[in-house]
Amino acid sequence: MSKNYHIDTIPNQNDPAGSNGGFLVSAFLLLALLLFPVQPALSASSYIVTETVEVFEYDLLEPEAQAEPASAAYGNYGPFRVVAADTVEMTGTVDSYTPALFRQMMKHFPGIKRIEMLDCDGSVDEEANLRLARMIRNAGISTHVPAGGSVRSGAVELFLAGVRRTAHRNAEFVVHSWMDEDGREANDYPANDPVHSEYLDYYAEMGVPRGTAQEFYALTNSVPFSEQLRLSRNDMARFQMVH
């Protein structure tokens with residue numbers, strides 16, 4: 001049997017005392033409701049979420065442009081690299097296109113007056129090499145081989161093109177006989193063959209005395225094309241090829 005408990009707020013008409021008591025109970029309940037309103041019950045699945053939002057302000061800085069090395073600031077023209085308005089560095093081989101590239105470089109930088117020959121291994125087109133050499137001389141450009149620099153084979157002719165030719169005491173020069181497209185070397189031709197005049201006339205044109213030029217030419221041809229003869233700055237000075 002279930003039991004129900006309740007408070008009866010209806011007054012009993014037959015009991016005056018009960019009537020006063022019921023009135024007091026009712027008044028008490030009304031006061032309680034006014035002072036302490038009933039809060040709705042939260043379900044077991046209810047919860048309160050508090051979200052904290054942080055706002056950050058960033059300063060977006062544009063990265064600074066990296067400065068180009070001085071050696072790359074003016075551009076490359078085949079084996080030539082312009083490093084200043086009046087100076088270029090030379091590294092590599094002369095080919096059939098090099099004279100045209102040199103002409104373009106001089107058009108862009110007419111103030112060039114010095115070529116630093118760092119590591120020059122000659123040419124694959126001797127006609128283009130001598131044409132380039134004369135262009136260097138006509139432009140009034142000096143040539144210099146710095147410390148550790150190496151000038152080899154046909155690049156020696158380019159060095160001679162300088163209106164002023166200088167070299168560090170540790171500079172290296174390498175010579176050997178030339179070889180034509182048929183595989184024949186200088187000594188395969190008679191001494192009076194006109195082929196030799198091309199080089200002897202060039203040396204004279206570059207200011208090397210005729211007798212000294214012949215001595216130097218004979219020295220270079222004493223070494224086969226497949227071999228190398230290393231000369232120092234002092235050796236070159238002995239042949240009046242360094243100022």
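The side chains of Glu 126 and Ser 123 are joined by a polar contact of 3.2 Å; the term denotes N or O atoms paired within 3.5 Å, where within protein one must be able to donate a hydrogen and the other to accept it, and residues adjacent in sequence count only if both atoms are side-chain atoms. The structure is a predicted model, in which local features need pLDDT of at least 70 and side-chain atom pairs count only at pLDDT 80 or more, while totals for chains, interfaces and linings use all residues. Residues are numbered from 1 along each chain as its sequence is written, and side-chain values use heavy atoms, with hydrogens and water left out.

**Exercise 1. Describe the surroundings of Glu 126.**

Step 1. Locate the residue: helix α3, residues 126-138, contains Glu 126. Helices (H or I, at least four residues) and strands (E, at least two) are DSSP runs, numbered from the N terminus.

Step 2. Glu 126 is partly exposed because its relative accessible area is 24%; buried means under 20%, exposed over 50%, and partly exposed in between (1.4 Å probe, protein chains only).

Step 3. List its partners. Beyond the neighbours within four places in sequence, Glu 126 is in contact (heavy atoms within 4.5 Å) with Glu 157 and Tyr 199.

Step 4. Val 94 is 32 residues from Glu 126 along the chain, and their C-alpha atoms are separated by 8.5 Å.

**Exercise 2. How does α3 pack against α2 and α5?**

Step 1. Axes are lines fitted to C-alpha atoms, for helices over the stretch in contact, with angles from 0 to 180 degrees between N-to-C directions.

Step 2. Treat α2 and α3. Their axes are 9 Å apart, at an angle of about 20 degrees.

Step 3. Identify the residues. From α2, Thr 98, Pro 99, Phe 102 and Arg 103 meet Ala 128, Arg 131, Leu 132, Met 135 and Ile 136 of α3.

Step 4. Treat α3 and α5. Helix α5 (residues 197-205) packs with α3 at an angle of about 10 degrees, the axes being 12 Å apart, so these helices too are roughly parallel to each other. Their crossing is left-handed. On the α3 side the contact is made by Glu 126, Leu 130, Ala 133, Arg 134 and Arg 137, and on the α5 side by Glu 198, Tyr 199, Tyr 202 and Glu 205.

**Exercise 3. What parts of the chain does the aromatic pair of Phe 80 and Phe 102 tie together?**

Step 1. Begin with the total. The whole structure holds 10 aromatic pairs, counted when ring centres of Phe, Tyr and Trp (its six-membered ring) lie within 6.5 Å; planes under 30 degrees apart are stacked, over 60 edge-to-face and the rest tilted.

Step 2. Classify the pair. Phe 80 and Phe 102 are 5.6 Å apart centre to centre, with 55 degrees between the planes, and the pair is tilted.

Step 3. Phe 80 belongs to strand β2 (residues 80-84) and Phe 102 to helix α2 (residues 98-108), so the pair ties together parts 22 residues apart in sequence.

Step 4. Check burial. Phe 80 is buried, at a relative accessible area of 1%, and Phe 102 is buried at 2%.

Step 5. Note an aromatic cluster. Trp 178, Tyr 189, Tyr 199 and Tyr 217 form one aromatic cluster.

**Exercise 4. Is Ser 150 buried or exposed, and what does it touch?**

Step 1. Ser 150 stands in strand β6 (residues 150-152).

Step 2. Ser 150 counts as buried because its relative accessibility is 7%.

Step 3. Not counting residues up to four places away in sequence, Ser 150 touches Met 117, Leu 118, Asp 119, Cys 120, Val 145 and Glu 172.

Step 4. Its side chain also makes a polar contact of 2.7 Å with the side chain of Arg 152.

**Exercise 5. Characterise Ser 232.**

Step 1. Ser 232 occupies the loop between β9 (229-231) and α7 (233-238), and counts as partly exposed at 28% relative accessibility.

Step 2. The backbone nitrogen of Asn 234 is reached by the side chain of Ser 232 at 3.3 Å.

Step 3. Apart from neighbours within four places in sequence, Ser 232 is in contact with Ala 171 and Phe 173. From C-alpha to C-alpha, Ser 232 lies 7.4 Å from Arg 169, although 63 residues separate them in sequence.

Technical notes. Angles under 35 degrees count as roughly parallel, over 145 as roughly antiparallel, 65 to 115 as roughly perpendicular and the rest as oblique. A crossing is left-handed if the near helix is turned anticlockwise from the far one by less than a right angle, and right-handed if clockwise.
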